[in-house]
Amino acid sequence: MNQTFTVTGMTCGHCEKAVTRAIQKTDPQAQVRIDRSQNKVDVESTQPRATLAAAITEEGYAVSA
């Protein structure tokens, strides 16, 4: 299922990689697309939304929506 998160705090390519890795730790098959300029992270994953949001938050980024 496709889920979109608003993630603040991503300022560089390293941040994008960190968010992608955090998501793929919970679901190695997840497809992640990041639009840093819009603070959007689109995730195609079978994991529950709360699990994905928690993984992003644990990496140090704020998640809303």
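Biologist: Which residues of strand S3 make up its covered face, and which its uncovered one?

Modeller: In this predicted model, the covered face of S3 (residues 40-44) holds Val-41 and Val-43, while Lys-40, Asp-42 and Glu-44 belong to the uncovered face. In a regular strand, side chains alternate between the two faces of the sheet.

Biologist: How do you know that strand S1 and S3 pair?

Modeller: Pairing requires at least two bridges. S1 (residues 2-8) and S3 are joined by five bridges, in the antiparallel sense, and Gln-3 stands opposite Val-43 of S3.

Biologist: What joins strand S2 to S3?

Modeller: Five bridges join S2 (residues 31-35) to S3, and the two run antiparallel. Asp-35 has Lys-40 as its bridge partner in S3. S2 and S3 form a hairpin, with four residues between them.

Biologist: Why is Asn-39 called partly exposed?

Modeller: Its relative accessible area is 25%. Buried would require under 20% and exposed over 50%, so Asn-39 falls in between.

Biologist: How do you know that the length of helix H1 agrees with its number of residues?

Modeller: At 1.5 Å a residue, the 14 residues of H1 should span 20 Å. The end C-alpha atoms are 21 Å apart, which agrees.

Biologist: Which residues of H1 are buried, and why are they said to line one face?

Modeller: Cys-15, Ala-18, Val-19, Ala-22 and Ile-23 are buried in H1. Seen down the axis, they fall within an arc of 130°, so they line one face of the helix. These buried residues pack against S2, S3 and H2. The face turned away from them carries His-14, Lys-17 and Lys-25, which are exposed.

Biologist: What places the buried residues of helix H2 on the same side?

Modeller: The buried residues of H2 (residues 49-58) are Leu-52, Ala-53, Ala-55 and Ile-56. Their arc around the axis is only 155°, which puts them on the same side of H2. What covers them includes S1, H1, S3 and strand S4. Ala-50 and Glu-58 are exposed on the other side.

Biologist: What follows H2?

Modeller: Gly-60 follows H2, with a positive phi near 105°.

How values were computed:
Residues are numbered from 1 along each chain as its sequence is written. This is a predicted model: local features need pLDDT of at least 70, side-chain atom pairs count only at pLDDT 80 or more; totals for chains, interfaces and linings use all residues. Side-chain values use heavy atoms; hydrogens and water are left out. Buried means under 20% relative accessible area, exposed over 50%, partly exposed in between (1.4 Å probe, protein chains only). The arc is that of the directions from the helix axis to the C-beta atoms. Contact means heavy atoms within 4.5 Å. The expected span of a helix is 1.5 Å times one less than its number of residues.
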